[in-house]
Amino acid sequence: MKSLFVRGVGFVLFLSLMMGACTATREQEIEGDVNEFRSWVNAQTNKLEERTEEDWKNTKADFQRRTEELDQKQERFSDKLKSDYQQIKEDFKARERERDRLSNRNERLDQWERDLLGQYANGASISAGNIQMAYSTFLENVRARHRTWEKDDWEMAELVLEELNQRKEAFDGMADEAEVRIKAMQMEFAALKAGEAPQEE
């Protein structure tokens, strides 16, 4: 009789240990799922400015699918894991808002380049032979429009000029005369931006 009792106690202990092990394993699996989700979010939100619209659209769809799957498991999350999971989702949403701002700014910059550079808005159309004309077109449009500009408008115009300056740097061996005239136009833009009248040469 005593032997049966001992065996019974042993069996109960064995079941308890097995159930505890299974519970620990499930918790580890769930924690692993959340950690994998965190790694995925970090990877997807790195270098947002380099992501294409189509690529980012696919990422948002993938985020939706992943969160729907994890949301169904939340009742098995510990309090800490729930908090971590919510923070990861909030981090993604914050980066999504940042991506939207970048996208809107890039769209605005494209429009400003078309407005201020005209036919030279397409970088492929600019060469060492016409880069000076591109600056002239830019400055003529700035002169015609700047009186109604606010701070944000000047910032966009400055971004257009920075793009133009970067294109210019790709050309080697430009004529000294062109370099001087371009420098003068850059200085006039800076003077206009500062609210000063351009210097007469």
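A residue counts as buried when its relative accessible area is under 20%. The model shown in these views is predicted.

**View 1. The tilted pair of Phe37 and Tyr85.** Phe37 and Tyr85 are both buried. Their rings form an aromatic pair with 5.8 Å from centre to centre and 55° between the planes, a tilted arrangement. Phe37 belongs to helix α1 (residues 2-44) and Tyr85 to helix α3, so this pair ties together parts that lie 48 residues apart in sequence.

**View 2. The stacked pair of Phe63 and Phe92.** The ring centres of Phe63 and Phe92 are 3.9 Å apart and the planes meet at 5°, so the pair is stacked. Distant parts of the chain are linked here: Phe63 sits in helix α2 (residues 53-71) and Phe92 in helix α3, 29 residues apart. Phe63 and Phe92 are both buried.

**View 3. One aromatic cluster.** Phe37, Trp40, Trp56, Phe63, Phe77, Tyr85 and Phe92 make up the cluster. The structure has eleven aromatic pairs.

**View 4. Helix α3 against helix α4.** Helix α3 (residues 79-117) packs on helix α4 (residues 131-145) at an angle of about 95°, and the two axes are 7 Å apart. Angles of 65 to 115 degrees count as roughly perpendicular, which means that α3 is roughly perpendicular to α4. On the α3 side, Asp115, Leu116 and Leu117 take part in the contact; they meet Ala134, Thr137, Phe138, Asn141, Val142 and Arg145 of α4. Sorted by class, the contact of α3 with α4 holds five nonpolar, two polar and two charged residues.

Methods: Residues are numbered from 1 along each chain as its sequence is written. This is a predicted model: local features need pLDDT of at least 70, side-chain atom pairs count only at pLDDT 80 or more; totals for chains, interfaces and linings use all residues. Side-chain values use heavy atoms; hydrogens and water are left out. Axes are lines fitted to C-alpha atoms, for helices over the stretch in contact, and angles run from 0 to 180 degrees between N-to-C directions. Helices (H or I, at least four residues) and strands (E, at least two) are DSSP runs, numbered from the N terminus. Angles under 35 degrees count as roughly parallel, over 145 as roughly antiparallel, 65 to 115 as roughly perpendicular and the rest as oblique. Contact means heavy atoms within 4.5 Å. Ala, Val, Leu, Ile, Met, Phe, Trp, Tyr, Cys and Pro count as nonpolar, Asp, Glu, Lys and Arg as charged, and the others, Gly among them, as polar. Rings of Phe, Tyr and Trp (its six-membered ring) pair if their centres lie within 6.5 Å; planes under 30 degrees apart count as stacked, over 60 as edge-to-face and the rest as tilted. Buried means under 20% relative accessible area, exposed over 50%, partly exposed in between (1.4 Å probe, protein chains only).
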